[in-house]
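Hello,

Here is the structure we talked about handing over. My notes follow below it.

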There are 2 protein chains.
Amino acid sequence: MPSISMRGGKVPMSPFRKLIPLADKAKAAGKHVYHLNIGQPDIETPAYALQKVRATDFKILEYSPAEGNASYRKKLAAYYGSLGISVQPEEIIVTTGASEAILFILLACLDPGDEVVIPEPFYANYNGFAQIAGVSVKPITCHIETGFALPDSAAFESVIGPKTRAIMITNPSNPTGALYSRQALEELAALARKYGLFLIADEVYRDFCYDGRPFFSVLQIPGLEEHAILVDSISKRYSACGARVGSAVTRNRDVLGAVLRYAKLRLSPPAFGQILAEATLEVGEEYLAEVREEYRRRRDLAYARLSRMPGVVSYLPGGAFYCFARFPVDSAEHFCRWLLEDFDHQGATVMLSPGESFYATPGLGVDEVRLAYVLCCEDIEAAMDCLEVALQEYPFKKQPAQPLPAGLASR
Amino acid sequence: MPSISMRGGKVPMSPFRKLIPLADKAKAAGKHVYHLNIGQPDIETPAYALQKVRATDFKILEYSPAEGNASYRKKLAAYYGSLGISVQPEEIIVTTGASEAILFILLACLDPGDEVVIPEPFYANYNGFAQIAGVSVKPITCHIETGFALPDSAAFESVIGPKTRAIMITNPSNPTGALYSRQALEELAALARKYGLFLIADEVYRDFCYDGRPFFSVLQIPGLEEHAILVDSISKRYSACGARVGSAVTRNRDVLGAVLRYAKLRLSPPAFGQILAEATLEVGEEYLAEVREEYRRRRDLAYARLSRMPGVVSYLPGGAFYCFARFPVDSAEHFCRWLLEDFDHQGATVMLSPGESFYATPGLGVDEVRLAYVLCCEDIEAAMDCLEVALQEYPFKKQPAQPLPAGLASR
């Protein structure tokens with residue numbers, strides 16, 4: 001009997017996958033589970049865009065060009081232009097979600113054994129794409145005490161080595177909600193130039209920035225044309241996760257060529273998803289403004305509630321719809337299991353993502369969790385009621401969190 | 001300035017990609033180009049299935065489960081059951097086209113440096129997926145004189161080595177149209193058992209078998225449960241290439257687990273495509289019967305015309321909608337360029353895929369082409385008129401083909 005590959009047995013898994021059977025069991029037992037673990041928004045997809053798919057009348061569902069439909073790429077270039085990101089349609093490759101863009105970019109830019117520097121905690125599936133590409137992730141640690149701001153250049157330089165080919169960030173960040181400032185990005189850009197690195201930015205949450213703080217793209221940094229690569233997706237912006245439409249955008253012609261060669265292997269991105277994606281670009285700005293305001297309310301609520309819980313360390317995230325929190329528990333993973341297996345508050349409980357798997361450095365994040373505020377305010381209130389009681393009742397508490405380490409100022 | 005990866009510059013390309021600019025130029029100059037180079041069928045997608053997508057009324061386009069929608073997997077298992085392939089829904093992972101299934105299966109079954117044996121000529125994009133997975137393709141040569149029948153076990157054994165982990169076939173074959181007999185498959189199965197190999201079969205053309213010859217799946221071979229892996233797709237069966245829905249099917253639980261872990265990395269197959277795919281399983285058998293009959297007519301016509309052209313070697317393919325032909329030319333690639341650049345017959349010409357890139361062994365297929373009979377009979381007649389005249393006019397002809405090598409009997 002043949003055995004599977006070694007890598008096939010070691011694909012890094014999503015931080016909350018192990019908890020899913022426990023959540024299923026809790027629900028089967030009649031408990032209500034508030035899902036703050038996932039990135040599936042409860043927001044409606046723009047009806048206009050869904051209608052465009054439903055109103056199609058073609059008779060053959062053909063392959064689209066490997067690089068995506070010309071009409072969609074043209075409108076996408078105009079959309080980026082409206083954000084101050086000047087790109088040509090030919091500088092955009094449409095991908096099957098941001099996931100595929102990340103994989104193709106890693107393959108196009110790094111060879112097996114090369115290294116990519118990623119601030120941790122980071123989107124855990126990056127580990128899996130790095131494994132497929134045979135490249136190593138070099139983490140650089142961000143800290144909850146600074147709201148997970150980017151470390152300074154010296155910290156980055158301490159992990160950049162001869163095999164480092166790229167720095168990869170998510171801005172605003174999943175899982176932390178950190179929004180990186182123009183200054184912080186320009187420091188990264190200087191490093192990219194100094195060491196000849198690609199700067200890959202996953203910017204799928206760009207529309208969800210709060211408190212009037214501006215979003216700044218890596219493609220807006222002058223002189224970074226050959227280094228900057230943008231990863232994008234409509235999944236979160238338009239609550240269209242099932243469309244599976246993303247893009248890889250860069251002005252580096254060699255990278256475009258290599259990404260396109262990988263894109264041609266899989267022939268075509270999804271046809272219906274592209275029709276929907278193209279239609280989202282005709283959706284009025286009021287849709288995103290409303291969604292942004294809704295997430296802002298949820299963020300404020302979640303943060304306000306977390307701030308009042310004794311021993312909990314959190315911060316006000318600047319973007320996306322996630323935040324991290326440190327809980328006064330010995331093991332956040334055990335706490336998450338206990339929430340599902342041994343706890344309920346008025347028949348309900350909460351599912352969270354344990355923080356440890358978002359870090360590549362062993363031992364970090366053991367008392368942290370990620371919360372996705374993808375439920376309506378009423379449900380977030382109820383979920384926070386559960387959490388508050390749970391943190392009181394949980395039997396394996398630890399002493400209150402340590403004071404801020406010296407020298408970690410917010411950037 | 002950072003440079004792209006070495007692999008990114010060497011992604012193996014589709015055999016006809018280099019010809020596309022020439023075809024565009026020919027069309028811009030007013031020539032009609034008959035496309036016999038591509039696998040995009042001109043057949044209509046079942047209207048019933050398109051209508052199911054158009055009649056959806058959900059408000060949020062959510063992620064589907066990474067393994068695919070439960071309702072689709074259940075119906076797919078029933079469909080396979082109706083073919084005599086007994087599988088459970090849990091033994092099916094829905095993928096983003098057959099392309100993704102092939103990549104995930106290679107990753108799940110082989111480690112970097114391992115080898116997969118593939119009969120050549122083969123679908124050229126297998127090279128690219130092998131490159132991503134870091135595995136080597138070991139070709140085993142089939143011959144046009146036998147209609148590209150599978151070589152015997154001794155030939156396979158001559159290329160199976162200590163790093164060989166799998167044999168991969170396409171049945172019926174793209175690019176040759178060869179349909180493998182039960183006996184030939186059972187010989188492969190015996191090899192898989194003897195050497196502890198996976199037997200991966202890309203069976204996306206199973207519905208297009210002609211002359212009453214039966215299709216036999218690797219999942220129908222008794223005792224091969226732990227070895228056999230099926231790759232599938234709705235793209236060709238239902239002319240739904242843009243749906244991007246395929247599947248990986250196996251009874252080997254370890255392989256299923258590993259493929260599912262890779263599937264979870266990319267979160268979800270396309271939502272609309274899955275709705276369409278599920279609906280195709282409710283389309284009456286008369287749809288496929290009509291499509292099969294249409295392809296059969298085209299095949300007969302293409303073969304009849306090729307057979308009458310002096311110096312052309314071909315054969316009657318048993319399945320799919322491709323055939324190979326050997327032309328009395330020095331270089332089929334040059335001939336294909338010449339067709340687009342320097343030839344026309346009553347204002348029209350033909351685009352073909354040069355055969356060489358379908359072979360991994362250097363020097364093979366230089367005087368061969370692949371023809372895809374994806375045009376209606378009238379257009380195939382016109383394309384064959386062009387080809388007949390072109391072969392007379394082409395200035396770089398070679399002597400008529402050699403007689404059949406001894407010992408190459410049809411299997």
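**Two helices in chain B**

In this predicted model, helices α4(B) and α5(B) cross with a right-handed sense. Helix α4 of chain B covers residues 97-109 and helix α5 of chain B covers residues 125-133; their axes come within 9 Å and cross at roughly 40°. That angle makes α4(B) oblique to α5(B). On the α4(B) side the contact is made by S99(B), I102(B), L103(B), L106(B) and L107(B), which meet N125(B), Y126(B), F129(B), A130(B), I132(B) and A133(B) of α5(B). Sorted by class, this contact has nine nonpolar and two polar residues, and no charged ones.

**The sheet in chain A**

Chain A has an open sheet of seven strands with mixed pairing, in the order β2-β8-β7-β6-β5-β3-β4. Strands β2 (92-95) and β4 (136-141) of chain A are at the edges; each has a single partner strand, so one side of each has no neighbour in the sheet. On average, neighbouring strands are turned by 25° against each other, direction ignored.

Within this sheet, β3(A) (residues 115-120) and β5(A) (residues 164-170) run parallel and are joined by three bridges. V117(A) has I167(A) in β5(A) as its bridge partner.

Helix α3(A) (residues 70-82) packs on the sheet, touching β2 and β8 of chain A, and its direction makes about 115° with that of β2(A). Helix α8(A) (residues 253-265) also packs on the sheet, touching β2, β7 and β8 of chain A, at about 25° to the direction of β2(A).

**A loop residue in chain B**

P214(B) lies in the loop between β6 and β7 of chain B. P214(B) counts as exposed because it has 9 C-beta neighbours inside 10 Å.

Regards

Note on methods. Residues numbered from 1 in each chain as written. Chains lettered and ligands numbered in written order. Predicted model: local features only at pLDDT ≥ 70, side-chain atom pairs only at ≥ 80, totals over all residues. Axes fitted to C-alpha atoms, helices over the stretch in contact; angles between N-to-C directions. Helix = DSSP H or I, 4+ residues; strand = E, 2+ residues; numbered from the N terminus. Parallel < 35°, antiparallel > 145°, perpendicular 65-115°, else oblique. Left-handed = near helix turned anticlockwise from the far one by under 90°. Contact = placed C-beta atoms within 7 Å. Nonpolar A, V, L, I, M, F, W, Y, C, P; charged D, E, K, R; others polar. Buried ≥ 20, exposed ≤ 12 C-beta atoms within 10 Å, placed from the backbone. Pairing = 2+ DSSP bridges.
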